[in-house]
Structures are given as structure tokens and as C-alpha cells.
Amino acid sequence: MAVETRFLDDDIIRIPVFAPDNAGKPTGEKLKTFTLMWGDQVRVTGKQDDRLVVEFSPREWDEENQRYEVVKYAGLLPKKAKFRDASVLKVRFVDVGQGDGAMVETPQGRILFIDGGEEEHLRRYVNVAYSHLLRTKPLHCDALIVTHGDADHFEGLTRLVRAFRSKEDPMITADRVFHNGLVKKKKEEGTPETVMFGKTATVDGQTYAVELEDDLTKVGDQRMNEPFLAWKQALLGLKTGDGTRPKIQRLEYGDDKPFDFLASENIQVKVLGPITETVKGKPALRFLRKPGSSSLSASHTVNGHSIVLKLIYGNVRFLFGADLNEESEESLLERARADQVSLSAEILKVPHHGSSDFSPRILEAIRPVVSVVSSGDENTMKEYIHPRSGLLGALGRFSRATVDKPLIFVTEMVAFFRRLPGRNKIIALTKAGKDGKQVYRGPNAYVKSAFGIVHVRTDGKRVLVATHSGKETDKESYVFHVDERGDIQFEAEPRIV
């Protein structure tokens with residue numbers, strides 16, 4: 001039979017894979033098992049014993065040669081495997097440690113990154129998840145979105161943009177780069193908080209950052225801290241699919257038009273933050289304060305003025321809350337009510353890793369069914385006690401009232417840590433950072449053998465939510481339907497597949 005590309009209509013399906021013979025048919029003993037989900041694409045190459053044969057050609061790490069090599073497998077689909085005419089909307093909340101990193105893939109294959117964490121996690125995940133594409137060409141992204149200028153949200157994108165799939169070819173290309181306009185300077189001892197983003201203006205006792213940037217590649221190096229400077233240099237080398245320079249653009253509340261490229265798939269994106277004000281004829285962002293204090297804070301300002309996105313596909317709505325804090329959440333509530341904009345969403349990327357600096361009133365306005373906290377403690381320098389217990393309690397209290405068992409996920413809690421046998425050497429950074437290390441030897445060393453990731457997939461009415469576990473064979477999944485009024489109906493109790 002001719003090779004066919006088809007899309008799976010089973011929620012979760014496990015496929016045994018074998019070495020292929022010259023005709024691409026499975027031979028010998030089973031080598032491993034691949035797990036695919038609703039909407040995943042497979043290449044059907046033939047039949048064997050009334051079962052469809054599918055082809056897999058991932059890039060896998062060759063330990064002996066210390067490089068990635070394309071490995072060919074032949075898999076056997078279950079006899080009762082179901083197919084659909086097209087894919088579904090896929091949103092992956094990736095475990096990036098202490099930080100945020102989400103990937104959106106539309107039914108037609110458009111890809112958007114919303115933040116990228118700080119370390120190598122996202123790059124490694126892309127290398128595995130899209131290995132079938134990377135064997136022949138870079139992964140093309142329609143948009144890279146940096147919600148704000150904290151390293152735990154964008155330094156992982158710097159690593160991804162700088163990565164190469166081969167000596168000559170980059171790992172990704174991108175058409176658009178969106179950001180919130182605030183560029184952070186290097187913080188030195190005694191530096192006032194109010195000069196961290198460049199020029200300011202004070203009007204009626206309020207201080208504003210007025211030096212908002214559009215194209216980051218045109219900002220002078222002296223105005224950037226190290227992560228920003230590295231991001232600028234990475235952007236200078238970033239290309240679109242046709243080899244030109246990507247469009248780099250600042251976003252603010254109401255800037256929905258830049259996402260019109262998704263309209264052909266009936267996907268709408270509303271930009272709900274940051275909320276700018278006009279100061280001396282120019283857009284400006286108000287400096288925010290530490291909770292319970294009158295002191296202006298650069299950290300709270302850059303967090304609170306994150307890009308906030310609401311993605312709507314059919315009856316299903318996602319709200320990506322970036323690092324909003326209580327002060328900015330209250331401002332968003334006020335603006336949304338004035339403009340009669342609904343904040344209600346079925347899936348919420350919880351703001352600021354589950355920080356205690358939040359407004360219960362915004363959770364009451366969102367009323368999520370699924371809440372995802374992105375957090376991870378990897379060393380003492382990045383220990384923020386996230387998520388806070390009060391935030392988790394509030395998520396339960398203010399989730400959708402008609403749902404008896406709302407879903408709350410934490411990326412580090414759906415990861416799996418395996419204990420190493422014997423006494424192991426652990427090297428951890430001290431407070432001195434790069435200048436010093438702390439060595440520990442003991443019997444309680446752990447490695448993260450399964451990174452936490454929350455998969456959310458939808459056709460605009462039906463929603464699948466799934467996570468992995470320490471066992472390759474076990475996936476936890478939930479399925480519910482959303483009607484035109486936003487009412488929720490779960491199909492069944494959670495399943496372990």
C-alpha cells in the first residue's frame with residue numbers, strides 16, 4: 001500500500017516497535033514501546049497480520065559516537081486503532097525547572113513558544129519531541145513569545161535559538177518574536193530600582209518606565225544585563241523559514257492583530273497585558289510596589305507587566321498568566337470589567353509559579369477547570385517555596401463551581417525522581433554561583449528520570465489532559481467536554497492507561 005499520513009483518534013495508545021526489514025516490516029523482538037496521544041500523526045506504510053505498520057525515524061543519542069543519529073523503527077498499531085481527519089490543538093506545559101515554558105501546536109502544525117525557562121530543558125525536549133522533523137530541517141516556529149524579561153522565562157529560548165541540529169543548520173527558525181518592551185539593565189550595588197529599565201517619568205506622584213523598546217536588536221549593549229545581551233545576540237542570528245529576519249514586536253493590552261495568522265484555523269488570541277498608560281504622549285508602564293510596602297520594585301514591575309494571553313479555540317479557552325502579581329491582577333480585573341472582556345477560561349497557566357502574591361478575585365473571575373503551576377526546585381539559589389499552599393487552596397476554592405473535582409497540576413509533581421544506589425557524589429552551586437561549588441557524598445542521591453509535562457489537547461469541544469509517570473506504561477488522563485455556555489461534563493473518572 002502507498003504511504004499514508006493519518007491522525008490518531010485514540011486518547012492514548014502504546015505502539016510496540018521493532019527493527020524494520022528491507023520492506024519496512026517489523027522483524028525480531030520488540031525493541032521498545034512508543035506512546036502517542038490524540039491527534040498525533042503517524043505514517044502508515046503497510047499491513048502485517050491485519051495490523052497497520054507505522055514508520056518511526058527519531059533522532060536518538062549515540063553514546064559511542066557522542067552524537068544524534070537517525071534510527072528507523074517499524075511499529076504495529078492496535079487492531080482497534082481509530083483515526084480522525086485532522087489533528088487537534090496541542091498545548092504542552094513543559095517542566096523547565098524554576099521557570100515557565102509552554103508550547104502551542106495548532107491542528108495545521110503552527111507552533112508557538114510561550115517562554116522557555118532558564119536552563120537546557122526546553123531545548124532537550126524539542127530535540128526529542130520533534131526529532132522526526134529535525135532529521136531533515138529546522139523546527140519552524142510561527143512565534144516566540146517572551147512574556148517578560150526575567151531569565152527563568154527566556155534564557156532557555158536563547159539556548160534554543162543558538163542550538164544547531166547539525167553543523168550548518170539551526171535547530172529552529174521563527175517568523176515573529178513578541179515581548180513586553182522592558183529591557184533590564186545589569187543590577188549593581190546601590191543602583192536605584194527605578195533606573196533598571198531606562199528612562200522614567202513621574203506624573204501625579206506615580207513613577208513610570210517610559211523607555212519601552214520594540215526591536216530588541218537595536219538596543220545598545222550597555223542597557224542590557226547579561227541574559228538580555230545574550231538574547232539580543234541570539235536574535236541577531238535568528239532567521240525565518242525563508243532566511244530573512246523575523247519581526248520583533250512589543251505587545252500590550254489589546255494588540256490582538258499580530259495573532260491574525262491563526263485566524264484561518266479559527267483560533268483567536270487576545271492580548272490582556274501588559275496594560276500601558278500614556279505619559280507625555282508615549283506608552284509607559286507604571287512602577288509597581290512590593291506587597292504591603294510603598295517601595296517601588298523593579299522585580300514586581302517586570303513581573304506584573306508580563307504579556308498575558310487568552311487563547312480561544314471553539315468552546316475551549318486558555319489563559320496564560322505569566323508572572324502576574326496581585327497589583328497587576330487587580331489592574332487587569334478593573335480594565336477587563338471596564339471593557340466588558342471575560343477572563344473566564346477552562347485552562348489556566350497559573351501566574352508566577354504559584355506565588356503567594358496573587359489576588360483571589362482574579363481566580364474567581366477565571367474559574368478554571370484545569371490549573372497548571374510551572375515550578376521546580378533545582379538548587380537552593382532557586383528555592384522560592386513554589387507553589388504556596390494558600391495559592392493551591394485558592395485554586396481549589398475558586399475553580400469552576402459546577403466541577404466537583406477540579407484539576408490542579410504542578411510540573412515538578414508530575415515528574416519522577418529515581419533514587420541512585422550506593423553513595424553518590426552530588427555537586428551543587430553555592431551562593432557564590434559560578435565561583436564556588438559544594439560537594440556532597442551520600443546514599444540519598446536522586447535523578448529526574450521522567451520530566452514533568454502536562455499535555456492538554458482539544459478539538460474545541462472535547463479536552464484531553466494527560467501526564468506521564470515513572471512507569472513508561474502508565475499515563476494519567478482526564479477527558480471533559482465544554483459546551484457553548486461553558487458548562488463542563490467529564491466523560492469518566494481519571495484513567496491510568
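Predicted model: local features only at pLDDT ≥ 70, side-chain atom pairs only at ≥ 80, totals over all residues.
**View 1. Asp 115 and Ala 322 have positive phi values.** Most residues other than glycine have a negative phi. Here, phi of Asp 115 is near 70°, and that of Ala 322 is about 45°. Helices (H or I, at least four residues) and strands (E, at least two) are DSSP runs, numbered from the N terminus. Ala 322 belongs to the loop between strand 26 (316-320) and helix 6 (326-338). Asp 115 is buried, at a relative accessible area of 1%, and Ala 322 is buried at 2%. Buried means under 20% relative accessible area, exposed over 50%, and partly exposed in between (1.4 Å probe, protein chains only).

**View 2. Helix 1 (residues 121-129) meets helix 3 (residues 151-162).** The two axes come within 7 Å and cross at roughly 45°; axes are lines fitted to C-alpha atoms, for helices over the stretch in contact, and angles run from 0 to 180 degrees between N-to-C directions. Helix 1 is therefore oblique to helix 3, since angles under 35 degrees count as roughly parallel, over 145 as roughly antiparallel, 65 to 115 as roughly perpendicular and the rest as oblique. Leu 122, Arg 123 and Val 126 of helix 1 are in contact with Leu 157, Arg 159 and Leu 160 of helix 3, where contact means heavy atoms within 4.5 Å. The residues of this helix 1 and helix 3 contact comprise 4 nonpolar, no polar and 2 charged. Ala, Val, Leu, Ile, Met, Phe, Trp, Tyr, Cys and Pro count as nonpolar, Asp, Glu, Lys and Arg as charged, and the others, Gly among them, as polar.

**View 3. Asn 180 is buried in a loop.** Look for Asn 180 between strand 16 (176-179) and strand 17 (200-203); its relative accessible area is 2%. Its side chain reaches the backbone oxygen of His 305 at 3.0 Å, and a polar atom of that Asn 180 side chain lies 3.2 Å from the backbone nitrogen of Leu 182. Among the residues that Asn 180 touches, beyond four places away in sequence, are Val 146, Arg 250 and Pro 274.

**View 4. A cis peptide bond joins Gly 273 and Pro 274.** Most peptide bonds are trans. For this cis bond, omega is about 5°. Pro 274 is in the loop between strand 20 (267-273) and strand 21 (277-279).

**View 5. His 353 makes a polar contact with Asp 323.** You will find His 353 in the loop between strand 27 (347-349) and helix 7 (360-366), buried at 1% relative accessibility. The side chains of His 353 and Asp 323 are joined by a polar contact of 3.5 Å. Such a contact is a pair of N or O atoms within 3.5 Å; within protein, one must be able to donate a hydrogen and the other to accept it, and residues adjacent in sequence count only if both atoms are side-chain atoms. A polar atom of the His 353 side chain also lies 2.8 Å from the backbone oxygen of Ser 374.

Definitions and conventions:
Residues numbered from 1 in each chain as written. Heavy atoms only, no water.
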